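Welcome! Let us take a walk through this structure together, one stop at a time.

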Amino acid sequence: ETPLDFITAVKWRLNIKHFAHDFAADQSNTKAETYFDEEIDALGVSDWHLCCDGRDNWGWLNPPFTNIRPWARKCAETKHAGGSIAFLVPAAVGSNWFRDYVDGQALVLLLNGRLHFMPDRPTWGYPKDCILCLYSPKIAPGYEVWNWRDR
């Protein structure tokens, strides 16, 4: 589950009050009022951009980290269709999915400050660096170090 303090920082960064849709969640961990869960094949749904079109309508995606490529591809497609998605993933900058669907297509925020995905173990951080990729037709692609705790 994405930590609430990080979600709060992302909303502040995007200047939004809520996410329009969560593309990989369940009822216990969704970051939006509407979401796709394991029963719905989110990757098979073609109109993601309709859930997150416009300046204030951002989608949220913290996908399973086992196969990131199709999720990254879907984010790039959504941006090109006019949607905006915040995509949280490990910083696997040498991977093919990063080369093909992130580099040059999203604003990549290199997160300064490790995330803690397990609320019952607040001192245990995820053992790898993460990035937040912002896909939006209204944001220029690039790279930035973001200390998300210092809003």
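This is a predicted model: local features need pLDDT of at least 70, side-chain atom pairs count only at pLDDT 80 or more; totals for chains, interfaces and linings use all residues.

**A walk through the model**

Asn15 has a positive phi of about 60°, although it is not a glycine. For background, most residues other than glycine have a negative phi. Is Asn15 buried or exposed? With a relative accessibility of 60%, Asn15 counts as exposed, because the cut-off for that word is over 50%.

Now let us turn to the interior. In soluble globular proteins, nonpolar side chains tend to be buried together. Here the largest nonpolar core has 23 residues, and Trp48, Leu61, Phe87, Trp97, Val102, Cys133 and Tyr135 are those with the most contacts inside it. At least two residues of this core come from each of α3 (69–80), β3 (84–90), α4 (96–101) and β5 (130–135). The largest share is that of α3, with four residues.

Beyond its neighbours within four places in sequence, Phe87 is in contact with a list of residues including Leu61, Pro63, Trp71, Trp97, Cys133 and Tyr135.

Our last stop is an open space. The largest pocket holds about 400 Å³. Which residues lie nearest its centre? They are Ala24, Ala25, Asn29, Asn62 and Pro64, out of 21 residues that line this pocket. Sorted by class, the lining has 12 nonpolar, six charged and three polar residues.

Key. Residues are numbered from 1 along each chain as its sequence is written. Side-chain values use heavy atoms; hydrogens and water are left out. A nonpolar core is a set of buried Ala, Val, Leu, Ile, Met, Phe, Trp, Tyr and Cys residues joined through side-chain atoms within 4.5 Å. Buried means under 20% relative accessible area, exposed over 50%, partly exposed in between (1.4 Å probe, protein chains only). Contact means heavy atoms within 4.5 Å. On a 1 Å grid over the protein atoms alone, a cavity is a set of points where a 1.4 Å probe fits but cannot get out, and a pocket is an open set with protein on both sides within 12 Å along at least five of seven lines; lining residues have an atom within 4 Å of a point. Grid points are joined across faces, edges and corners, and a volume is the space filled by probe spheres set on the points. Ala, Val, Leu, Ile, Met, Phe, Trp, Tyr, Cys and Pro count as nonpolar, Asp, Glu, Lys and Arg as charged, and the others, Gly among them, as polar.
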